[in-house]
Amino acid sequence: MRRFHRAVNTTPKPLPFQRAPGGVSITVRLKPRARRNRIEGFGRGADGAAMLRVAVTAAPEMGKANAQLIKLLAKEWKMAHRDISIRSGQRSRNKTMLIAGEPLVLMARLDAWARHKA
């Protein structure tokens with residue numbers, strides 16, 4: 001009996017984390033009004049850029065979904081919510097966020113988190 005093996009892609013997925021002045025920049029795709037709050041994983045945007053996909057239960061009105069996004073990420077990464085801010089995309093599903101702090105330390109921490117989640 002012949003067995004066919006599927007080729008395994010061993011190239012690592014690009015991560016949505018980048019060093020930025022004063023911290024680390026993260027590209028996020030937010031899904032409001034989801035069934036539960038959760039980080040869905042990594043994906044790519046229409047332009048091919050890496051994104052962190054996140055779902056929250058809050059509606060996208062009066063900043064409720066954005067606040068819940070920050071709270072969820074702060075809890076997951078075990079950091080203060082005051083260190084996480086939205087730099088662009090306040091009214092969009094695609095957001096650029098900034099985590100304030102030492103970029104090298106934050107990058108190492110987020111890379112370790114991403115390897116654990118993958």
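**First stop: helix α2**

Select the buried residues of α2: Pro103, Leu106, Met107, Leu110, Trp113 and Ala114. Here buried means under 20% relative accessible area, exposed over 50% and partly exposed in between, with a 1.4 Å probe and protein chains only. Helices (H or I, at least four residues) and strands (E, at least two) are DSSP runs numbered from the N terminus. Viewed down the axis of α2, these buried residues fall within an arc of 130 degrees, so they line one face of the helix; the arc is that of the directions from the helix axis to the C-beta atoms.

This is a predicted model, in which local features need pLDDT of at least 70 and side-chain atom pairs count only at pLDDT 80 or more, while totals for chains, interfaces and linings use all residues. Residues are numbered from 1 along each chain as its sequence is written, and side-chain values use heavy atoms, with hydrogens and water left out.

Next, colour Leu104, Val105, Arg115 and His116, the exposed residues on the face of α2 turned away from its buried side. The helix has 15 residues and reaches 21 Å from its first C-alpha to its last, close to the 21 Å expected at 1.5 Å a residue; the expected span is 1.5 Å times one less than the number of residues. To see what covers its buried residues, display β1 (17–20), β2, β3 (38–44), β4, α1 and β6, which are included in that cover. Contact means heavy atoms within 4.5 Å.

**Second stop: the nonpolar core**

Select Phe17, Val54, Trp77 and Ile84, the residues with the most contacts inside the largest nonpolar core, which has 27 residues. Such a core is a set of buried Ala, Val, Leu, Ile, Met, Phe, Trp, Tyr and Cys residues joined through side-chain atoms within 4.5 Å. Elements that each supply at least two residues of this core include β2 (23–31), α1 (64–77) and α2 (103–117). The largest share, seven residues, comes from α1.

Centre the view on Phe17. Not counting residues up to four places away in sequence, its contacts include Trp77, Met107, Leu110, Trp113 and Ala114, as well as Ser25.

Move to Ser25, which lies in strand β2. At 16% relative accessibility, Ser25 counts as buried. Beyond four places in sequence, Ser25 touches residues including Gln18, Ala20, Thr96 and Leu98.

Now display the two strands β1 and β2, which pair in the antiparallel sense over four bridges; strands pair if DSSP finds at least two bridges between them. Ala20 stands opposite Gly23 in β2. The two strands form a hairpin with two residues between them, and Gly22 in the turn has a positive phi of about 85 degrees.

**Last stop: the salt bridges**

How many salt bridges does a search of the whole structure find? The search finds four, each a side-chain nitrogen of Lys or Arg within 4 Å of a carboxyl oxygen of Asp or Glu.

Select Arg53 and Glu40, whose closest N and O atoms are 3.8 Å apart. This pair links distant parts of the chain, Arg53 in strand β4 and Glu40 in strand β3, 13 residues apart.

Then select Glu76 and Lys117, a salt bridge with closest N and O atoms 3.3 Å apart. This pair joins helix α1 to helix α2, across 41 residues. Glu76 is partly exposed at 26% relative accessible area, and Lys117 counts as partly exposed at 45%. Finally, select Arg38, Glu40 and Arg53, which salt bridges with shared partners join into one network.
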